[in-house]
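Colleague: Could you take me through the reading of a structure like this one, feature by feature, with the general idea before the particular case?

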Amino acid sequence: MGLDELVLQEKKSAEEKFALAGINVNDEILIKHLLRYGLRSPDRWATKKILAEKLNPNDSEAGIKTVEKHLEELGQKLEAIGVELKEDFSDVYEEKVYAIDPEDKKGILKYLSIFNQPKQEATVLFISDPGFGQLLHDKRSDKGLHYFLKFNGLLEKLDATMILGGVPWVPLKTNKKTNQYLKILGKKVNGTQFPDEEDDDSSKVDDPEYFQKHVKNKITTLTEAIESGTQSLETMLGKNFSGEVFYFFSQQDRRNHEDKAELLISNYALHQKDKEKIEEKINKLEEECAFQEARYRAAKNACDVLKELKQQVKAIKDEEKIKFKVDEYVASNKDSLNVILNDSYEVHQKVVSKITKVKDTQELGDFVNVLLKERTDSKSRLEKMKSELRDALNKKTNLEKMLKGFNVYKALGHLPGESDQDSIHHHQAMQEYLKELSNLWKKWGGDTSNIHPEARTDLELKGYLYRVEPQINLSSDGVGLDTIQRQVIHLRDDPTGTKIIPDAYVSGYDAGGLRVMPQMKKREAIEEGSYHYDKNVVLHLKLPTMQSEDWLEYCWRNKIRSPWDVVRKRKGLYASGIVIQRFTGEGLTELTFVSTKDLVKMGQRAKQYEEVKDEFEKTTNEEKKSVLKIKLEELKNTFKIEPSHNGTLEKKIEITHVGDSHIGAPNFLGRTTNYEILKSVVNYTLEKRNPDAVIMSEIPHGNHNTGSFKSDKQDVGLLPTEIEKLGRLIEADASINDKQKITLLRYFSLLNRLTQPISSASKQLLEIADSGLIELGEKIIDKNGIGVLVSGNHYNDSNNQSHDEAEMLALLFDRKYRKSGKLWILDGTGERDGRGQFSFDQLLTNYAKEKGQTLGKGYAAHSFKGASDPILGIMRSTEKMGLEVSDIYGFHVHQTGFGFANGKSVHIQPGLQTTNKFVEVIGQSGGYRGSKDIEKSRNPQLKDYRKVIWAPQAYLEENYLTEEIWAHKKITEEYLPKVRGKK
């Protein structure tokens, strides 16, 4: 159903009620506009400003007042007839945005309320820069992805697929700027070769005629590229995919749009030029037609006059009598001769000159015949000229229609009335490009509401706000590495508290592989006397491409080196693959990465699987059917994260990453302590996870001494008199029972102790021994897992200490674990902190060992060279080291993240230490605190598969620290302000 039909149907369905409500013409116009916006995603609904441009395009200020008035009146009328008006629950935008839901036959006026939506489970497949329509995209990966999703039960769990770019830039002309992009598309220029650079006059690219000439030299059409993308998408997702598909403009899309606009501008200029030429021709033809028409009339009238004269003198033989008769005839027919004179002086003069010299009838007859021929010739010329004139007029009409077509969007009110011609061309080019793109996913059915040309789009999904900005730096065509740094800058703390911070901030385009960094939405200020922890987290996500690394290398070898795709690959730290991101709805965040290399391999096996399946379905031989069934199961296993071999499940490898708990550091009142967070991480891991490995670092705080920030000098607790006063307040509180008072007093005793440092490193180790962390490590090793201990910088830097953290932590384990070969000690003896390699092959199953499989090596270090994007810092550092490892683990920065580049995964563990004044001094945002777990597959066909699960502090508090949080809030928010005279 078309939009106009939908509007009509919606209007009819509400007609009766609207009539009762007194809906007027302005309301109907407004309803129609709101219905049009209702077909779009909520993030693209209309604002007052947009609606004002529709109703009053020439005066935006007056238009807004008009819209406000009509909206208010319309709202009252709808409420009067019982139509529900949804309230605006948040300041998501500077103003409310509006639409009428086309699914609702009553025509409900809705306000956008993104943050009022309950947060449910949301799973998104991200594809960035797949290079559809180019040799850069390996179509085998499409089928590989489909079967990976299908056989791991992921396809039906996807709520949405978000594609950042994909349609390639298809240049419309050849020149030295575009030749390499044309070459990379893999087709020749319509039988011609690329012009040599020195022969290509780039100075003429803005000339309409030159441009029009070179437009013909297309290597491929945009339609072909989109059709290729359509095939890929349908293969990836299947035709029955039930989730939404969103497409976001990339740099390539913007180039395609600019080319379309340039072509429109060029065509407009050519049409305008043609119109001027044809108007000049029409004027000339009209003049000639008028002249020939007058000449024809004059010749015709002259023939009539002379025929009559001939009749009168035909019987006269005397020359003098003929002359007398002619003179008499001329004198009596002056009016007839003047008619000839008025039409044509030339014909009149010829007639007068001839008849005054007539001597006989024959001579007069001959002259009449001459005039008859002239009349016939004039008529023939006139007919021909009239035909040319009609053609010219038709051509002018068509040109005027075409030129008018360039203004149609302005005429329909889609652009402000004062828009210049170039703005109209760009707008029309955008509409045409959006229409073409709507064929990318057939289920869109021509609707463009899921295509987002905006540089930055806010999109609500299942209660979460996704901010998608495909290219983080629009001012540059070059690929950079600072994507996440720019995202963080864009979301810096807003003093007014009104800046919208999304739940996920997604970008692509740039170099640097895949990088993910969860971060607190707001910096955590230290406020004494209030329990404060902002549980809102933003997931910074920089996506990889989905292009063929082999083809990119091929381009480089063949000197096709200017396209950004090739530049990005050669910049280093490259990754290609897909990302699946999931918000669980209960606070956990998951992220899965599968490389394009693995997808291509699966795509190759997919062809074999389909052939075997086809044979299985066709055969009637039961014995053969049985053999084929076994073969099908074997092939199906090659797609699975947890394949089955001989009836045994090759379960995924789970790795728990624990670090920077800083046991011994003081904690501020009003914060969940690092002791509690560590306890909750251990309990969460025991209950929810099944780890095969644990990697830990900087568990003890040590006696740290950095300039003026000396651990043993910190004491952020209460004075004795304050403690006594607070105890009496608890004792006298009639709102709680005796058991709760005991709980509060016991808990306050613990809190107050934790506000003071444990200066003894030995006592810190004793505290760690009883925390449950060591017991967790022993349980992991008992089930044939491994433990990795990495020295941190605090313990080894502690005053007067010669011990090593990793070695001291190892002493907390029973001797049998230290001697088992399954507890790796990466010490930092003689160094600032620990670092070194370890092997995952101890986690191989017997079946995998028989097959000669390997799980690769890991590398862990407490700290790496710093960077504003710590994942990028680790990538750069380790790439220079030339490590032959599959996984790299880091700590130290009290921030968490995950990355993948050059075949290696990179991990940073969230810190467990609570916010302190040192964080404020160095101006950092509060670190993301909580748990991080990593999954690898034992399937050798999924070598690069990684899944990361984050459990933030808020989730751990709500599920594992209920009693502690109640007591903590009671003490810090109710009693402490009274103790300090603030309440």
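Modeller: We will go from the whole chain to a sheet, then to helices, and finally to single residues in loops.

Colleague: Before that, what kind of model is this, and how are residues numbered?

Modeller: This is a predicted model, in which local features need pLDDT of at least 70 and side-chain atom pairs count only at pLDDT 80 or more, while totals for chains, interfaces and linings use all residues. Residues are numbered from 1 along each chain as its sequence is written, and side-chain values use heavy atoms, with hydrogens and water left out.

Colleague: How many helices and strands does the chain have, and what percentage of the residues is buried?

Modeller: Helices (H or I, at least four residues) and strands (E, at least two) are DSSP runs numbered from the N terminus, and the chain has 33 helices and 29 strands. Buried means under 20% relative accessible area, exposed over 50%, and partly exposed in between, with a 1.4 Å probe and protein chains only; buried residues make up 54% of the 983 residues. Taking contact as heavy atoms within 4.5 Å, 75% of the contacts between residues at least 6 apart in sequence join residues at least 24 apart.

Colleague: In what order do the 10 strands of the open sheet stand?

Modeller: Two strands pair if DSSP finds at least two bridges between them. Here the order is 8-9-10-12-11-26-27-25-24-23, with mixed pairing. Strand 8 (457–461) and strand 23 (835–839) stand at the edges, each with a single partner strand, so one side of each has no neighbour in the sheet. Neighbouring strands are turned by 15 degrees against each other on average, direction ignored, where axes are lines fitted to C-alpha atoms, for helices over the stretch in contact, and angles run from 0 to 180 degrees between N-to-C directions.

Colleague: How should I read the two sides of a helix?

Modeller: An α-helix has 3.6 residues a turn, so residues three or four places apart point the same way. In helix 24 (residues 761–769), Ala761, Gln764, Leu765 and Ile768 are buried. They cover an arc of only 100 degrees around the axis, which puts them on the same side of helix 24; the arc is that of the directions from the helix axis to the C-beta atoms. The face turned away from this buried side carries the exposed residues Ser762, Lys763 and Leu766.

Colleague: And how is the packing of two helices described?

Modeller: Two packed helices are described by the angle between their axes and the distance between the axes. Helix 23 (residues 738–754) and helix 33 (residues 962–979) pack at about 80 degrees, with their axes 10 Å apart. They are therefore roughly perpendicular, given that angles under 35 degrees count as roughly parallel, over 145 as roughly antiparallel, 65 to 115 as roughly perpendicular and the rest as oblique. The residues that meet include Tyr747 and Phe748 in helix 23, and Trp966 and Ile971 in helix 33. By class, this contact has 8 nonpolar, 3 polar and 4 charged residues, where Ala, Val, Leu, Ile, Met, Phe, Trp, Tyr, Cys and Pro count as nonpolar, Asp, Glu, Lys and Arg as charged, and the others, Gly among them, as polar.

Helix 5 and helix 19 (residues 596–618) also pack at about 80 degrees, with their axes 6 Å apart, which makes helix 5 roughly perpendicular to helix 19. The residues of this contact divide into 9 nonpolar, 5 polar and 3 charged.

Colleague: Turning to loops, is Asp129 buried or exposed?

Modeller: Asp129, in the loop between strand 4 (122–128) and helix 5 (140–151), counts as buried at 2% relative accessibility. Its C-alpha atom is separated by 6.0 Å from that of Met546, 417 residues apart along the chain. Leaving aside neighbours within four places in sequence, the contacts of Asp129 include Met546, Arg568 and Tyr509. Tyr509 has a positive phi of about 65 degrees although it is not a glycine, and is buried, with a relative accessible area of 3%.
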